[in-house]
Amino acid sequence: MEFTVQQIAELLQGTVEGDSSVKVSTLAKIEEAQAGALAFLSNPKYEAYLYSTSASAVIVSDKLELKKATAATLIRVSDPYSSFSTLLHYYHTALLASKTGVEEPCFMGQGSQIGENHYRGAFSYIGANCKIGANVRIFPQVYIGDNVQIGDNTTIFAGVKLYTNTVVGSNCTIHSGAVLGSDGFGWAPQPDGTYKAVPQIGNVILEDDISIGANTAIDCATMGSTLIRKGTKIDNLVQIAHNVEIGSDTVVASQTGISGSTRVGNNCVIAGQVGIVGHITIANKTTVGAQSGVSKSIKQEGTIIQGSPAFDYKQNLRAMTVFRKLPDLQREIELLKEKV
């Protein structure tokens, strides 16, 4: 795919500084870009590369004041990082759009239907009575159980497993190895010390515009639904237990585990390796720092917490400062005891 700088500037609502007829065919980092590539400059510490890059064009801020001339044509925009992200999205979408048709062997069960312009990769399996929208991309070795619903423009990468009755909205992306709808961790202790499985008969629902990372597991509800609301982004290797509800536009980073029946609000940020106990509520716009353990509900919107057990972020930093000084404080106490 090849575009002129002018075409890209129009897409990004930017202005061209230099030769607008220059053509680019690939995207690259500014420090590695070669002729024919489009790069971007967002972080000031990379500005030196602007004057030495081999890129044919660079997206820069409309407020950037040049220290010297550049060989590359510039596209000036209000937010270079966001604009480059927009281009990456278009580029990625174009690559996916090139995947169409049905590869063999693959299987689709009785009563299932799929919209136009779809792609089904080899060895993919679609169960009975599924409803799948238009422009859906189903890559090889995907398993889709009976009665699954998938909205338009959703991409399901290789090796994903969607259990029976799972609902996936439009414009979603589910990366390789993710499992949606597996049994929740429900075991009833018995008098003899053994455990009896509690049947998990609910499902998983993803609303629109959701991204699920590779090898993430989202358990079905015991009854009802495990629910991920619109716009939420979940990283690789995340565990979401039965009957959890995550609000809209929340981000959850890798290796986080959220226990059963917990409700996470809208616009929350959950950093990596966070553990959240079950049956609590996390208020909207809460930020949880990495490796934190959340053991009780967060009721105040906009709270920032850190630590295990997690508490106010600034207080946690002060506590950690004291903690690092404990060996010195102990030695001082021992010396005082000797003097006394």
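**Exercise 1.** Setting aside neighbours within four places in sequence, find which residues E47 is in contact with in this predicted model.

*Solution.* What's left is a set of four names: L41, L64, E65 and K67. Next, look at the side chain of E47: it makes a polar contact with the side chain of Y51, at 2.9 Å.

**Exercise 2.** Decide whether E47 counts as buried or exposed.

*Solution.* First, get the relative accessibility of E47, which is 12%. Then recall the cut-off: buried means under 20%. E47 therefore counts as buried, given its 12%.

**Exercise 3.** Work out the strand order of the open sheet and find its edge strands.

*Solution.* Line up the 5 strands and you get β2-β7-β6-β5-β4, with mixed pairing. Now check the ends: β2 (15-17) and β4 (26-27) each pair on one side only, which makes them the edge strands. Then zoom in on β6 (residues 57-61) and β7 (residues 73-77), a parallel pair with 5 bridges. In that pairing, I59 has I75 in β7 as its bridge partner.

**Exercise 4.** Which residues in the largest nonpolar core touch the most other members?

*Solution.* Take the 45 residues of that core; the ones to pick are I144, L162 and L206. Follow up on L162: leaving out residues up to four places away, it touches several residues, including Y143, I144, V168 and L180.

Notes
Residues are numbered from 1 along each chain as its sequence is written. This is a predicted model: local features need pLDDT of at least 70, side-chain atom pairs count only at pLDDT 80 or more; totals for chains, interfaces and linings use all residues. Side-chain values use heavy atoms; hydrogens and water are left out. Buried means under 20% relative accessible area, exposed over 50%, partly exposed in between (1.4 Å probe, protein chains only). Contact means heavy atoms within 4.5 Å. A polar contact is a pair of N or O atoms within 3.5 Å; within protein, one must be able to donate a hydrogen and the other to accept it, and residues adjacent in sequence count only if both atoms are side-chain atoms. A nonpolar core is a set of buried Ala, Val, Leu, Ile, Met, Phe, Trp, Tyr and Cys residues joined through side-chain atoms within 4.5 Å. Two strands pair if DSSP finds at least two bridges between them. Helices (H or I, at least four residues) and strands (E, at least two) are DSSP runs, numbered from the N terminus.
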